[in-house]
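Visitor: I have a few questions about this model. Could you show it to me before we start?

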Number of protein chains: 2
Amino acid sequence: MDALFRPKSVAVIGASDRELTIGYRIIRNLREMRFRGCIYPVNPKGVEIQGLTTHRSILEVPGEVDLAHIVVKNTMVPQVLTDCARKGVKVCIINTAGFKEIGPVGASLEDELVRITRQTGIRVFGPNCQGIINADPEVNAYCNFTFTKPEPGFISIFSQSGGVGEAINNRLVELGEGLRMYASSGNVCDIQCTEILTYWKDDPGTKVIVCHLETISDPDLFIKVVRKVSSKKPILAMITGQTDAGARAVACHTGGIAKDRGREARVLRKSGMLPCSSFEELCQAARSFVHLPLPHGNRVGIITNTGGPGVIAADELVNRGCEISELTEKTKADLRGTLLPEAIVSNPIDMLATANAQHFAATLSAMLSDPNVDSLLVNFITPFFVNCEAVAHRIAEVWRKSEKPIMCVVMTEKTHWAPTLKIFRDAGLPIFEFPEIAATALAKLTAYGLQGKP
Amino acid sequence: MDALFRPKSVAVIGASDRELTIGYRIIRNLREMRFRGCIYPVNPKGVEIQGLTTHRSILEVPGEVDLAHIVVKNTMVPQVLTDCARKGVKVCIINTAGFKEIGPVGASLEDELVRITRQTGIRVFGPNCQGIINADPEVNAYCNFTFTKPEPGFISIFSQSGGVGEAINNRLVELGEGLRMYASSGNVCDIQCTEILTYWKDDPGTKVIVCHLETISDPDLFIKVVRKVSSKKPILAMITGQTDAGARAVACHTGGIAKDRGREARVLRKSGMLPCSSFEELCQAARSFVHLPLPHGNRVGIITNTGGPGVIAADELVNRGCEISELTEKTKADLRGTLLPEAIVSNPIDMLATANAQHFAATLSAMLSDPNVDSLLVNFITPFFVNCEAVAHRIAEVWRKSEKPIMCVVMTEKTHWAPTLKIFRDAGLPIFEFPEIAATALAKLTAYGLQGKP
């Protein structure tokens, strides 16, 4: 796995100088992102590519090769893979498509690849795959043809589909989140999801794992391995191809055949993965795990300055297994002493739109001190008659010191209130646009926080 | 209703020159958005407000008053309302809070308001409400204290909660959609949702209605009235307070009591409203109804240039009552003749990432000509090795001429591909970021298209 994610040298077999080819883009990504190792373009014509010395065959490359990309025509891949094994290459990423997913002809080509790996010990990632990224600044291995250029961060992404992986990565970049490692595996003829998850379990830079799956080939092994990983790190997973039509599409896509449709979903639950039903849910939950502590119970306090969103948050939390805290009499008395007389001192606390920074700070503190509250969801709509920047500063202050997670929803017009939003961003506090999104993410934090507890 | 939505004159009782008050903001909104009628500030001090002549009491206003905002203290509201009735004001928007939602004292104040409306015939919108907007350029009635300034458009929004209404409005503005009319009703002591929906049924500028509800006070009447509206125009609805905790929060918020939790959801279905479970679903479906024709059946063709998202779209569509079309042999033969040999010619059609503008155009046309296809979902991820702007132009061309709805998902990095995104925007073609969002919206178009059909 180190050869795949921390290669000291990368060969690109099928390298090209034509801009719109994968053989060009992989080399360009590696160079643009300042890969710390050697790059060996391989092309039978042997001309210089992107200013790098090019070799006619992998066998002619002078140094050791940890990782080789194979982007040649599908029918040529078995021979190239055999050459790689002879050269002593440790692992190949086969980006080329046209294997199991296109029917019997491709399937027999893919069987040939599997046979070569068994005979020679060389490992294969793919075929029909996007590749990997290790954004660790000591490695900078952007071994793929992605269009996203994520900054280093704490989220690692495993995706069977390159398109789905790309979309997850792109959305996380939009949300301001960085990436640790990325692996988009395509047909999975050799290196399995389970090996990669196990590798990430022991990677100190990975705080949370995001996973997209279409098929699980060995459920028992999967459950056994993934349970170990998920007991150490949260794994958020989206499994697709769960309808007949979806399963047929999967068969054409990465060649898997899901005979029993509900099976994947059951395996997911047993493995301790946290199931997600959309890109947005997956990405928003992932950033919550990066920035927030885990709650020790499922009782949530809701604070809002406008009633409707508090109701929506309560509905969503209860539907996802949380409880709305019964506040202690002390908390209620404290709040009655602080808030406006018309405010609703019953969870959800509706402080009313006129609530100012002092009201927010006092309410957050009172709720956090309540032993019946395990986590908070704050819904802040930015009224024009309140000093919203002061509110943001006070929320950020409380947030920084809190050992209980605080999910913060900010409903606003983003141009006029940009300075307010910047205060949250500068404090490193993730904000959510809608209460139901924050509630869904909080329910996942809670489920993971309570996993394995009585 | 014309007095509420097309007032020739608006009084603001409790007008103010202090910037951070509601009595200031309403007048400022009216003026900034160029209200076409007269504005009469009312304040007992009688000094000039925002450069406008101010009257000490509504009774001193010289001209006729169609609509009066009441923003004075809750205990003073009954007297002010009585004065308005004496003056001959047709309708009052009571923005003031502190009624049914705060308990018995407020409830008896609210009963008093109801009594006055019955005795005098004056109508009341609210209390505890945000107000209304009519963005019709011939009216420009921004009678509320919102922070969103929507452009004129085709979507009308009814929301019990001001915060929820504001968030819907704001999200639609972000998505580039305009507003027709807006009404945020708060406690609903007099003018009901049903009256407003009926008014919008006959408003030629309203194409689609978006609705947020917490309580339905008279289900039989509601079903009877709303069925008439929904048979003429689609109504997308989010109903909240559907858990015990949520229902308790509703009681504190707008004073409703939902005794039977599932009831509202059942009423919604019977009324022909299209239920939505999140802000995003509501807003994305609304823009789809504005820009797309209705499908005549539930059979969807899916076209993608990367497999994974096609699978996700298929799952979501099937889960929401659509079918994935069985293509005719003619369509399949046409496609085999056009697409790359490795492409998957089976719905979802996976054209592969290398598909170019010609492939997109030919596939869209072939699918649209297939009698088994009622609507299309196109998933376009922008590969660096394809001329994406050409693809966008060709999709937009086909889209403009199509009588079947085409939902278009564009998965991309928004900076580098801004020119491609601009082509879609300039063509007036709504694009979606994720396949599951487009699929959900398409399922709603389909459900509405088939409503009342065998």
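Visitor: Which residue's backbone oxygen lies 2.7 Å from a polar atom of the side chain of Thr96(B)?
Guide: This is a predicted model, in which local features need pLDDT of at least 70, side-chain atom pairs count only at pLDDT 80 or more, and totals for chains, interfaces and linings use all residues. Residues are numbered from 1 along each chain as its sequence is written, chains are lettered from A and ligands numbered from 1 in the order in which they are written, and side-chain values use heavy atoms, leaving out hydrogens and water. Thr96(B) sits in the loop between S4 and helix H4 (104-120) of chain B. The oxygen 2.7 Å from its side-chain polar atom belongs to Val72(B).

Visitor: Is Thr96(B) buried or exposed?
Guide: Contact means heavy atoms within 4.5 Å. Beyond four places in sequence, the contacts of Thr96(B) include Ile70(B), Lys73(B), Val77(B) and Pro127(B). Buried means under 20% relative accessible area, exposed over 50%, partly exposed in between (1.4 Å probe, protein chains only). At a relative accessible area of 10%, Thr96(B) is buried.

Visitor: Which strands stand at the edges of the sheet in chain B?
Guide: Helices (H or I, at least four residues) and strands (E, at least two) are DSSP runs, numbered from the N terminus; two strands pair if DSSP finds at least two bridges between them. The open sheet has 5 strands with parallel pairing, in the order S2-S1-S3-S4-S5. Each edge strand has a single partner, so one side of it lacks a neighbour in the sheet. These are S2 (38-42) and S5 (123-125) of chain B.

Visitor: Which residue in S5(B) is the bridge partner of Val91(B)?
Guide: Strand S4 (residues 91-94) of chain B runs parallel to S5(B), joined by 3 bridges. The partner of Val91(B) is Arg123(B).

Visitor: How many disulfides does a search of the whole structure find?
Guide: A disulfide is a pair of cysteine sulfur atoms within 2.5 Å. The sulfur of Cys143(B) is 11 Å from the closest cysteine sulfur, in Cys129(B), too far for a bond. For Cys211(B), the nearest cysteine sulfur is that of Cys193(B), 4.2 Å away. Over all chains, the count is 0.

Note on methods: Polar contact = N/O pair within 3.5 Å; in protein donor to acceptor, adjacent residues only side chain to side chain.
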